[in-house]
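Here is a quick briefing for anyone meeting this structure for the first time. Have a look at the picture, then read on.

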Amino acid sequence: MERKKSDDFGQDDDQKPQHNKVLVEAAFRYQAVPPWTKQITVRAMVTSFILSIVFNFIVCKLNLTTGVIPSLNVAAGLLGFAMLKFYTAILTKIGLLKQPFTRQENCVIQTCVVASSGIAFSSGTASYVLGMSGVIAAQGDGANTPLNIKNPHVGWMMGFLFAVSFLGLFSIMPLRKVMIMKYKLTYPSGTATAYLINSFHTPKGAKLAKKQVAVLFKTFCGSFLWACFQWFYTAADGCGFVSFPTFGLQAKAQRFYFDFSSTYVGVGMICPYIVNISLLVGSIISWGIMWPLIEKNKGTWYSADIPATSLHGIQGYRVFIAIAMMLGDGLYHVAYMLIMTSYSLCCSPKTKEDKNLESSSPPLVNPSTASTEAGTEVLSENYDEERRNEYFEKDQIPNWLAFVCYVGLAIVAIIFVPIYIFRQLKWYHILTAYMIAPVLAFCNAYGAGLTDWSLASNYGKFAIIIFSAWVGAPKGGVVAGLAACGVMMSVVSTASDLMQDFKTGFLTLSSPRSMFFSQVLGTAMGCVLSPLVFWFFYKAYPLGDPDGPYPAPYALMYRGMALLGVEGVGSLPKHCVKLAGSFFAASIAINLITELLKRYETKYKLYRFIPIPMCMAIPFYLGSYFAIDMCAGSLILYLWQRKNKQQADDFAPAVASGLICGDSLWGVPAAILSLVNVKPPICMRFFSASANAKLEKLLSGD
């Protein structure tokens with residue numbers, strides 16, 4: 001993502017190519033900006049609720065399969081535009097349209113939908129919540145006491161989310177001007193979404209958006225029908241196209257195969273190339289090299305009698321080496337972000353641009369006082385910034401109100417959570433978390449503004465280990481650590497999301513108040529929808545089964561981190577600690593090498609080809625099938641860009657979104673069929689020639 005602000009550093013005003021500067025707001029200067037009460041409309045909220053249901057299903061499915069979730073901002077903005085444009089077009093034809101559809105209303109929809117789907121991630125239904133369950137505890141062979149198990153239920157999940165999910169919105173809201181106006185943080189996703197929404201509401205952009213919606217609808221239908229077709233061949237586990245041995249049966253046994261998932265082909269088209277390559281590299285290192293070598297030592301390094309799912313066997317190596325890589329990567333980025341944040345706040349010299357902003361001189365030109373020459377309006381070079389600053393200063397929420405709300409909601413959570421939901425946590429545990437959370441929320445929001453990388457899950461992982469060790473296994477330390485992860489993630493994640501949305505609102509002249517309240521409404525929708533959607537899957541499928549359709553890999557990993565906190569490393573299989581420590585160090589070293597190359601090797605930009613440790617760690621547990629799907633998506637995008645780059649740039653996000661939405665939403669009728677005991681009629685399996693001969697002999701009775 002190009003970062004526009006940095007382009008101007010080191011250039012004096014008289015050296016800038018002023019005549020080439022594009023003024024986005026010039027296209028909208030004759031359009032009235034509606035007040036914030038007209039930006040949050042009933043039709044916008046109805047549209048947001050419908051799309052929130054769709055996106056919650058998508059995020060829940062992705063969480064339960066691999067945990068890899070791409071940015072859905074573009075899809076939310078595009079679908080919101082399409083639905084309301086269709087609705088307002090009908091009202092216009094029959095003469096009943098009372099309020100035109102504006103980009104501010106589009107921004108409200110996008111904010112609400114992304115906030116709701118963000119709760120589907122931070123709610124931890126497929127990670128720390130499922131990690132508390134008896135199903136996952138049975139795979140861990142440790143701390144399986146009643147105090148260390150809490151099975152999911154809609155009631156307590158909703159109560160917990162409502163208790164903890166709103167504090168993040170108030171934790172750093174007083175810093176919105178500092179983040180957006182003073183430091184001018186980029187927030188790449190928020191900026192990209194804003195430019196997308198702005199483009200939709202210009203005549204040229206509206207035509208392109210109409211074509212994008214048509215492409216999205218076609219790929220949605222194709223993906224949905226393909227998922228429906230595949231369902232007919234999955235009468236039992238291991239049946240269907242999802243078990244197709246693309247590279248042979250031996251490779252299939254090591255989880256190297258293409259499973260025909262249009263969801264992950266679409267995800268691969270959205271994710272950067274290096275993410276998909278990192279997943280494939282991690283697959284080759286783990287399932288191609290390490291696990292076969294370790295399994296040769298079965299009976300020496302670990303007992304040959306324990307099941308394959310036990311953390312005391314091969315599963316222990318898979319889980320804890322992956323955890324070590326994630327913790328190493330997370331620790332590096334947290335430390336790096338703290339250092340960069342401190343340096344940026346304390347040591348960076350002020351640019352000429354910053355000094356101009358802080359001066360008391362009036363702006364050169366205001367929208368209402370633009371000068372004219374020979375009948376042509378002449379706008380200030382800083383017209384966009386002046387107009388955006390003007391509207392961002394309006395409709396402010398008092399800082400004292402944010403402070404009071406944060407303290408009040410914290411008191412409610414401190415009382416409610418330990419008494420009614422998690423008795424393993426005490427009031428002082430939650431108080432400690434809420435005293436630390438605003439600092440971490442600021443660091444995460446600042447880092448996301450610089451890099452677009454949210455570290456909310458990393459802060460949650462550290463909370464698991466710290467709080468589980470603090471409480472201890474006899475007092476329910478596993479559940480306490482996982483619950484503390486939820487408390488921390490909710491604050492840190494929602495704070496970062498809010499700042500992204502403030503940036504989007506800033507660039508679309510949307511009121512800060514409308515952005516905040518749409519975030520609140522979206523969060524409330526997520527607190528209701530996320531548990532309900534998860535419960536839908538929970539009742540329809542065996543979640544957490546490593547060999548099932550929804551393995552929920554992060555559930556066992558998060559519980560494994562809690563076990564590390566309460567039990568230490570003594571219970572792990574032989575050499576597991578040494579291997580995990582080596583990969584922990586390697587993860588930090590890879591990040592250091594990448595950063596050094598970024599700074600000092602600029603000719604060939606070799607850092608672009610170094611894999612990301614966090615991404616490499618995911619297939620250590622799951623295998624490579626989804627990585628192959630995602631690499632197929634990358635290959636499609638690459639070939640498309642080679643053939644017609646402009647067309648690919650315009651339509652690839654729509655194609656990818658359609659593939660993801662269609663395949664994911666087939667999960668709804670499939671789950672309903674499963675609940676009413678309607679099973680697919682056909683089982684398509686694949687056997688070797690010798691196994692097939694034995695099977696035919698058995699069936700013939702010879």
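Which residue forms a salt bridge with Lys 184? That partner is Glu 385, and the closest N and O atoms of the pair are 3.5 Å apart. A salt bridge here is a side-chain nitrogen of Lys or Arg within 4 Å of a carboxyl oxygen of Asp or Glu.

Before going further, bear in mind that this is a predicted model: local features need pLDDT of at least 70, side-chain atom pairs count only at pLDDT 80 or more, and totals for chains, interfaces and linings use all residues. Residues are numbered from 1 along each chain as its sequence is written, and side-chain values use heavy atoms, with hydrogens and water left out.

**The whole chain**

- The protein chain has 30 helices and 2 strands; helices (H or I, at least four residues) and strands (E, at least two) are DSSP runs, numbered from the N terminus.
- A compact globule of 702 residues would have a radius of gyration near 27 Å, and the chain agrees with that at 26 Å. The radius is taken over C-alpha atoms, and the globule rule is 2.2 Å times the number of residues to the power 0.38.
- Along its principal axes, the C-alpha trace spans about 100 × 55 × 55 Å.
- Of the 702 residues, 53% are buried. Buried means under 20% relative accessible area, exposed means over 50%, and partly exposed is in between (1.4 Å probe, protein chains only).
- Among contacts (heavy atoms within 4.5 Å) with a separation of 6 or more, 82% join residues 24 or more positions apart.

**Salt bridges**

- The structure holds 10 salt bridges.
- Back to the opening pair: Glu 385 sits in helix α18 and Lys 184 in the loop between α10 and α11, so the pair ties together parts that are 201 residues apart in sequence. Glu 385 is partly exposed at 23%, while Lys 184 is buried at 11%.
- Glu 393 pairs with Lys 177, with the closest N and O atoms 3.1 Å apart. Since Glu 393 is in the loop between α18 (383–392) and α19, and Lys 177 is in helix α10 (residues 176–182), this bridge ties together parts 216 residues apart in sequence.
- Glu 595 and Arg 599 also meet in a salt bridge (3.1 Å, N to O). Both are in helix α25 (residues 576–600), 4 residues apart, about one turn of the helix.
- A network of salt bridges links Glu 25, Arg 103, Arg 387 and Arg 388.

**Inside the protein**

- The largest nonpolar core has 190 residues, and Met 179, Phe 422 and Tyr 434 have the most contacts inside it. Helix α22 (residues 477–508) gives the largest share of this core, 18 residues. Such a core is a set of buried Ala, Val, Leu, Ile, Met, Phe, Trp, Tyr and Cys residues joined through side-chain atoms within 4.5 Å.
- Leaving aside neighbours within four places in sequence, Met 179 is in contact with residues including Phe 442, Tyr 446 and Met 499.
- Ile 109 belongs to helix α5 (residues 103–122) and counts as buried, at 0% relative accessibility.
- Ile 628 is in helix α27 (residues 625–643) and is buried too, at 12%. Beyond neighbours within four places in sequence, its contacts include Phe 247, Phe 256 and Leu 280.

**On the surface**

- A nonpolar surface patch of about 930 Å² includes Trp 400, Phe 403 and Ile 411. Patches are made of residues with over 30% relative accessible area and no salt bridge: like charges are joined within 9 Å, nonpolar side chains (Val, Leu, Ile, Met, Phe, Trp, Tyr) within 5 Å.
- Ile 411 is in helix α19 (residues 399–421) and counts as partly exposed, at 46% relative accessibility.

- Most residues other than glycine have a negative phi.
- Leu 509 is not a glycine, yet has a positive phi of about 60 degrees. Leu 509 lies in the loop between α22 and α23 (512–540) and is buried, at 2%.
- Asn 677 has a positive phi as well, near 65 degrees. Asn 677 is in the loop between α29 (667–675) and α30 (689–700) and is exposed, at 64%.

Key
Areas by Shrake-Rupley, 256 points an atom, 1.4 Å probe, with all protein chains shown as cover.
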